[in-house]
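Biologist: I have a chain open here and have not looked at it before. Could you walk me through it?

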Amino acid sequence: MKYNFDQIVDRSKISVKYGTPGLLHPNCKLPEKVIPMWIADMDFACCDGILNGIKQRVDQLTLGYENPVTEGYLSAVTGWLATRHQWQVEPQDVVAVSGAVEALGIAIRALTDPGDGVIVQRPVYAPLTARSRPAAVRW
């Protein structure tokens with residue numbers, strides 16, 4: 001599969017990263033040819049495989065909360081872990097969570113005791129630091 005990483009996608013009116021008016025940086029004007037790297041927000045066009053999957057989902061006419069943990073999902077996760085990390089994981093041991101912050105909180109609670117220290121190597125996604133963690137998230 002080939003991707004065109006030279007295709008420029010104008011995201012100036014829809015992306016927080018580029019200072020969408022009224023959001024994080026209301027009057028941000030970036031120099032031409034600058035790609036901000038402070039947020040995990042792609043500047044490349046999305047690949048056809050992902051776009052086709054989204055289109056198929058939309059064509060089902062419902063967008064409710066459905067179980068993401070399907071046989072295909074489990075196969076993809078365990079296959080990736082085996083191929084990429086030589087780690088054999090049983091499908092029943094895979095647990096889906098809603099995001100990175102929740103996953104890290106679960107790991108910290110499982111692997112530490114109250115009062116233990118946790119090292120945060122910066123730069124890091126801001127919600128993973130104690131100073132920026134929302135009050136509702138308790139590790």
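**A walk through the chain**

Modeller: Start at Thr-78, which touches Val-89, Glu-90, Pro-91 and Val-94, not counting residues up to four places away in sequence. Contact here means heavy atoms within 4.5 Å.

Biologist: Where is Thr-78 placed?

Modeller: Thr-78 is in helix α2. Helices (H or I, at least four residues) and strands (E, at least two) are DSSP runs, numbered from the N terminus.

Biologist: Is Thr-78 buried or exposed?

Modeller: Thr-78 is buried, with a relative accessible area of 14%. Buried means under 20% relative accessible area, exposed over 50%, and partly exposed in between, using a 1.4 Å probe and protein chains only.

Biologist: What does the side chain of Thr-78 reach?

Modeller: The backbone oxygen of Ser-75, at 3.4 Å. A polar contact is a pair of N or O atoms within 3.5 Å; within protein, one must be able to donate a hydrogen and the other to accept it, and residues adjacent in sequence count only if both atoms are side-chain atoms.

Biologist: Before we go on, what kind of model is this?

Modeller: This is a predicted model, in which local features need pLDDT of at least 70 and side-chain atom pairs count only at pLDDT 80 or more, while totals for chains, interfaces and linings use all residues. Residues are numbered from 1 along each chain as its sequence is written, and side-chain values use heavy atoms, with hydrogens and water left out.

Biologist: What pLDDT does the chain average?

Modeller: The average is 79, and 73% of the residues score at least 70. pLDDT is the predictor's confidence in each residue, from 0 to 100. Confidence is lowest in α3, at a mean of 89, and highest in helix α2 (residues 71-85), at 96.

Biologist: How many helices and strands are there in the chain?

Modeller: Three helices and zero strands. Along the sequence the pattern reads α-α-α. The chain has 139 residues, of which 14% count as buried. Of the contacts between residues at least 6 apart in sequence, 33% join residues at least 24 apart.

Biologist: Let's take α3. What should its 12 residues span?

Modeller: Helix α3 covers residues 100-111 and should span 16 Å at 1.5 Å a residue; its end C-alpha atoms are 16 Å apart, which agrees. The expected span is 1.5 Å times one less than the number of residues in the helix.

Biologist: And which residues of α3 are buried?

Modeller: Val-101, Gly-105 and Ile-108. They are on the same side of α3, because they cover an arc of only 65 degrees around the axis. The arc is that of the directions from the helix axis to the C-beta atoms.

Biologist: Which exposed residues does the face turned away from the buried side carry?

Modeller: That face of α3 carries Ala-100, Ala-110 and Leu-111.

Biologist: What about Val-95 and Val-69?

Modeller: They are 26 residues apart along the chain, and their C-alpha atoms are separated by 8.3 Å. Val-95 lies in the loop between α2 and α3 and is exposed, at 66% relative accessibility.

Biologist: Now the backbone. Which residue has phi near 75 degrees?

Modeller: Leu-61, a positive value in a residue other than glycine. Leu-61 lies in the loop between α1 (48-58) and α2. Gln-86 also has a positive phi, about 50 degrees, although it is not a glycine. Gln-86 lies in the loop between α2 and α3.

Biologist: Last one: which peptide bond is cis?

Modeller: The one from Arg-122 to Pro-123, with omega near 5 degrees. Pro-123 is in the segment after α3.
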